[in-house]
Amino acid sequence: MIESIEGKRGLPRHRPPYVAQVGIFNQPTLVHNVETLYWVAKICREGPEILSGIEKNGRKGLRSYSISGRVAKPGVYLLPAGSTILDVIEAAGGMAEGHVLKAYQPGGPSSGLLPASMSDVPLDFDTLQPHGSFIGSAAVVVLSDQDRARDAALNMLRFFEDESCGQCTPCRVGCEKAVKLMSADSWNTDLLEELCQAMGDASICGLGQAAPNPIRLTIKHFPEEI
């Protein structure tokens, strides 16, 4: 966005320096998303207690969870920030008829997949990182016993392959190679891990750096499928 405003091609910048130090026209810059500005306005109107007065699982505040997949009522739900996947599913009317929770994507494709056995983890900042995931956009996708985790992971990598801006080789070529390797009947886990390491270390922006998460978490939690 900053590159575009400056009249350049809209490509990711190398960091450091980070935009908070050197941003638009070399000035310190803060980049906000719409949800942040929404909450700033709401706090100004209704006071800080609108967030600080709500606590769940040791986490304070509210969060907008976008819920899709095998639930009865997909949609966006405003819930306490410390909600678990079971709380999120309950808000969405429970699991769809005939489906049993198998896995879930906690925060967009970059967050990968976690198994149903980890249903007690609060979906918030800092709570998912120890498990190799993160809350990200809070776009939750629920998978059931009728889905395959490997298919979901492959779908995520196809998304990254399509969304890569193509500026850096680790992401551009890495996503393409990952899709080919993951399309095989049996995954070459050693080669995939080597590819994940290169993408995470050398990609310029967060897309290429986080693309390995679905691969690694599927290998870790659903080895019987690959």
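These exercises work through a predicted model.

**Exercise 1. Find which strands stand at the edges of the open sheet, and explain what follows for them.**

Solution. 
Step 1. Write down the strand order. Five strands form the open sheet, in the order β4-β3-β7-β5-β6. The pairing is mixed.
Step 2. Look at the two ends. β4 (75–80) and β6 (114–115) stand at the edges.
Step 3. Count partners. Each of these edge strands has a single partner strand, so one side of each is left without a neighbour in the sheet.

**Exercise 2. Work out in which sense β7 pairs with β3, and in which sense with β5.**

Solution. 
Step 1. Take β3, residues 62–69, and β7, residues 139–144. They pair in the parallel sense, over four bridges.
Step 2. Ser66 stands opposite Ala139. Gly69 stands opposite Val142.
Step 3. Turn to β5, residues 101–105. Four bridges join β5 to β7, and these strands run antiparallel.
Step 4. Pick one bridge here. Tyr104 has Val142 of β7 as its bridge partner.

**Exercise 3. Decide whether Ser133 is buried or exposed, and list what Ser133 touches.**

Solution. 
Step 1. Locate the residue. Ser133 lies in the loop between β6 and β7.
Step 2. Apply the cut-off. Buried means under 20% relative accessible area. Ser133 has 1% relative accessibility, so it counts as buried.
Step 3. List the contacts, leaving out residues up to four places away in sequence. Ser133 touches Pro106, Ser111, Leu114, Leu128 and Leu217.

**Exercise 4. Find how many residues of helix α9 are buried, and say what covers them.**

Solution. 
Step 1. Count. α9 spans residues 212–221, and seven of its 10 residues are buried. The helix is mostly covered.
Step 2. Name the buried residues. They are Pro212, Asn213, Pro214, Ile215, Leu217, Thr218 and His221.
Step 3. Look for the cover. It includes β6, α5 (149–163), α6 (169–182), α7 (189–202) and α8 (206–210).
Step 4. Link back to Exercise 3.

Methods: Residues numbered from 1 in each chain as written. Predicted model: local features only at pLDDT ≥ 70, side-chain atom pairs only at ≥ 80, totals over all residues. Heavy atoms only, no water. Pairing = 2+ DSSP bridges. Helix = DSSP H or I, 4+ residues; strand = E, 2+ residues; numbered from the N terminus. Buried < 20%, exposed > 50% of the residue type's maximum accessible area, 1.4 Å probe, protein only. Contact = heavy atoms within 4.5 Å.
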